[in-house]
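Please keep the sequence and the 3D view open as you read.

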Amino acid sequence: MSGLVMPSPDEATLARRAGIVADLRAIVPGEGVVDTITEMRAFETDGLTAYRQLPLVVVLPQTVAQVSKILSYCNEHNIRVVPRGSGTSLSGGALPLEDAVLLVMSRFNRILEIDYPNRVVVTQPGVTNLGITHAVEGEGFYYAPDPSSQIACSIGGNVAENSGGVHCLKYGLTANNVLGIEMVLMNGEVVRLGGRHLDAEGYDLLGVMTGSEGLLGVVTEVTVRILKKPETARALLIGFPTSEQAGQCVADIIGAGIIPGGMEMMDGPAIRAAEDFVRAGYPLDCEALLIVELDGPAVEVDHLIGAVEAIAIGNGSTTCRISASEEERLAFWAGRKAAFPAVGRISPDYYCMDGTIPRKELPKVLHGMRELSEKYGLGVANVFHAGDGNLHPLILYDANIPGELDKAEAFGADILRLCVKVGGVLTGEHGVGVEKRDLMPEMFNEIDLDQQMRVKCAFDPNHLLNPGKMFPQLRRCAELGRMHVHRGQVAFPDIPRF
C-alpha cells in the first residue's frame with residue numbers, strides 16, 4: 001500500500017480468526033458473514049483505490065440488536081472494527097484492516113418514516129443519498145446535500161464524512177441537514193442524539209458525531225431535514241479565458257450578496273473530458289467554466305440572472321448561456337456530476353484531492369497548482385465547489401509507471417499544504433481517513449490533536465473503532481494522561497498540581 005503505515009495487526013486476533021468467524025455467525029446467521037478471500041475482495045478498498053487490504057472478516061448485520069452484539073463482542077475480546085457504508089469514501093476512511101472486522105451497514109436500506117408536516121425523513125443508514133429525494137419528490141420535496149456520488153453513497157457514510165455537494169453553498173452540508181441519529185457505541189450501548197426538533201441545549205454531540213469518520217460509534221438511524229423544491233431554478237454556463245478570471249467572478253458574486261443554489265467551476269482539461277463524455281454542450285474554447293444556479297421565486301431568479309451576467313462580463317467572460325428549460329438546466333449539471341468518471345477517459349488513473357480555501361484565494365491557489373503540476377510533471381484537472389472554496393483537483397498519473405503514485409501523493413500533499421497556508425483546511429467533505437492523516441500536523445498542533453484524541457477516548461477508550469485513520473500518531477488513550485517532562489522540567493511548573 002505505497003508508503004502508508006497502518007497499525008500492526010494483532011497476532012492473537014489473527015490466530016483465533018476461525019473462532020471469531022464462528023462467533024459472528026452465531027450473531028448474524030445466514031449469509032451475514034463473509035469470510036472467504038474471493039468474496040472479501042469486493043470489500044478490500046473504498047473509493048480511494050490506490051490502497052487495498054483484505055479484512056479479517058466481513059459482517060453484514062440487519063438489525064440494531066445485531067450491531068450492538070457485534071460491537072459488544074469485539075469490545076470484550078479486543079477486536080478492531082472498521083465501519084463501512086457504500087464504500088464510496090475518497091479518503092480511505094473505509095479501508096479495511098488485516099485484523100479488523102469490517103462492519104458493513106448496507107443491509108440497513110429502508111426509509112422508516114416520511115413526516116411531511118415536520119419536514120423530516122427517518123431513514124436507515126444504508127439508504128442512498130439520492131434515494132431520500134426519490135422517496136419525497138412526488139410531494140415536491142428533496143434532500144439538499146448532493147455529493148457527486150449521490151446515486152451510490154449512503155446517508156450513514158454522509159454523516160460519517162459530513163458530505164457536501166453542489167447545493168451546499170446555500171443549503172448547507174450534511175451537518176446542517178441532519179437533525180438526529182441513533183448510534184451504537186463500541187461497548188454495545190445504543191444511544192440517541194437529537195431528534196425531530198431543530199436544536200437542543202447542552203453539548204453538541206450530534207455535531208461531534210457528524211464528520212467523525214467511524215471513530216466514535218456506528219450510526220443505525222438518521223433523521224434528516226427535507227426541503228420544498230424551489231418554485232424556479234435556472235442555471236448559467238459561463239466561460240472564461242483563464243481560471244483566475246473565473247475565480248475572481250466567484251468572489252465578486254458572493255461579495256455582491258448573491259448566494260446561488262450552487263456555483264461550480266471546472267478548468268480546461270475537466271471541461272473537455274466532461275463534454276466528450278456527456279455531450280452537455282459545454283464551450284470548448286474556454287479554460288474555465290462556471291455553472292451558477294439561482295433558485296427561488298421566478299421574479300427574483302430573473303433579477304439575479306441579470307446581476308450575475310453583468311458580474312461575469314465585468315470579469316472578462318467569453319460566453320454565457322442561460323438555461324431555457326429544466327432539461328437544459330439538468331444537462332448543465334450532468335457534465336459536472338459526471339466529471340470524475342469523465343476524467344478517467346483521459347488518464348489511466350487519477351488521485352482526487354479535497355481541500356477548502358477562502359474564496360478570495362482561488363486565483364492564487366489555482367496558479368500555485370499549475371506550478372506544482374510543472375514541478376511534479378503530472379497533469380491536474382480541477383473540478384470544485386467554487387462557491388464555498390471546496391477544491392477537488394484530480395491529479396493524473398499512471399499506476400503502471402513505477403514511482404508515479406508516489407509523485408501523485410506528494411503532489412496532493414503539497415496542494416493541501418498550500419490550502420492550509422492561505423488560511424484553508426485539509427478537507428471540506430471527503431474526510432481525513434488515511435489520505436490526509438499524516439498531514440494533520442500541518443493544520444493542528446500537538447495540543448489540538450491531543451484534545452481531539454480525548455474525545456475519541458471518551459467514546460472508544462480501547463481504540464478499537466477504525467484505528468489508523470485521522471490521527472497521525474498511533475497511540476493509546478492512557479498515554480494522554482502522562483505528564484510530559486522535558487529536560488527535567490514539566491510544562492508550566494508554577495501551576496499547582498494535585
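## Before we start

A residue is called buried when its relative accessible area is under 20%, exposed when it is over 50%, and partly exposed in between, using a 1.4 Å probe and protein chains only. Helices (H or I, at least four residues) and strands (E, at least two) are DSSP runs, numbered from the N terminus.

This is a predicted model, in which local features need pLDDT of at least 70 and side-chain atom pairs count only at pLDDT 80 or more, while totals for chains, interfaces and linings use all residues. Residues are numbered from 1 along each chain as its sequence is written, and side-chain values use heavy atoms, with hydrogens and water left out.

## The five-stranded sheet

β8 belongs to an open sheet of five strands in the order β5-β6-β10-β8-β9, with antiparallel pairing. (Two strands pair if DSSP finds at least two bridges between them.) At the edges stand β5 (111–115) and β9 (190–194); each has a single partner strand, so one side of each lacks a neighbour in the sheet. From one strand to the next, the twist averages 15°.

How many bridges join β8 to β10? Six bridges link strand β8 (residues 178–184) with strand β10 (residues 218–225), and the two run antiparallel. Here E182 has E221 of β10 as its bridge partner, and G180 has T223 of β10. On the β9 side, β8 pairs in the antiparallel sense over five bridges, with I181 standing opposite L193 of β9. The hairpin of β8 and β9 has five residues between the strands, and in this hairpin G188 takes a positive phi near 95°.

## Helices on that sheet

Helix α5 (residues 129–136) lies across β5, β6 (120–123) and β10, at about 45° to β5. Contact in this report means heavy atoms within 4.5 Å. Axes are lines fitted to C-alpha atoms, for helices over the stretch in contact, and angles run from 0 to 180 degrees between N-to-C directions.

## The four-stranded sheet

A second open sheet has four strands in the order β1-β2-β4-β3, and its pairing is mixed. The edge strands are β1 (33–34) and β3 (80–84), each with a single partner strand, so one side of each is left without a neighbour in the sheet. Strand β2 (residues 57–59) and strand β4 (residues 100–104) pair in the parallel sense over three bridges; in β4, V101 is the bridge partner of V57. Helix α4 packs on this sheet too, touching β2, β3 and β4, and its direction makes about 165° with that of β4.

## Two helix pairs

Helix α2 (residues 17–27) packs against α4 at an angle of about 155°, with axes 10 Å apart. That makes α2 roughly antiparallel to α4. (Angles under 35 degrees count as roughly parallel, over 145 as roughly antiparallel, 65 to 115 as roughly perpendicular and the rest as oblique.) G19, I20, D23, L24 and I27 of α2 form the contact with Q66, K69, I70 and Y73 of α4.

Helix α9 (residues 243–255) and helix α11 (residues 298–314) pack at about 140°, with their axes 9 Å apart. That makes α9 oblique to α11. In this pair, C249, D252 and I253 of α9 meet V308, I311 and A312 of α11.

## Buried spots to look at

Is N158 buried or exposed? N158, which lies in helix α6 (residues 155–161), counts as buried at 2% relative accessibility. Leaving aside neighbours within four places in sequence, N158 is in contact with N129, P147, C153, S163 and T174.

In helix α10 (residues 268–278), the buried residues are G268, A270, I271, A273, A274 and E275. These buried residues pack against β13 (262–267), β14 (288–296), α12 (326–337), α13 (339–343) and β18 (380–384). After α10 comes R279, whose phi is positive, near 60°.
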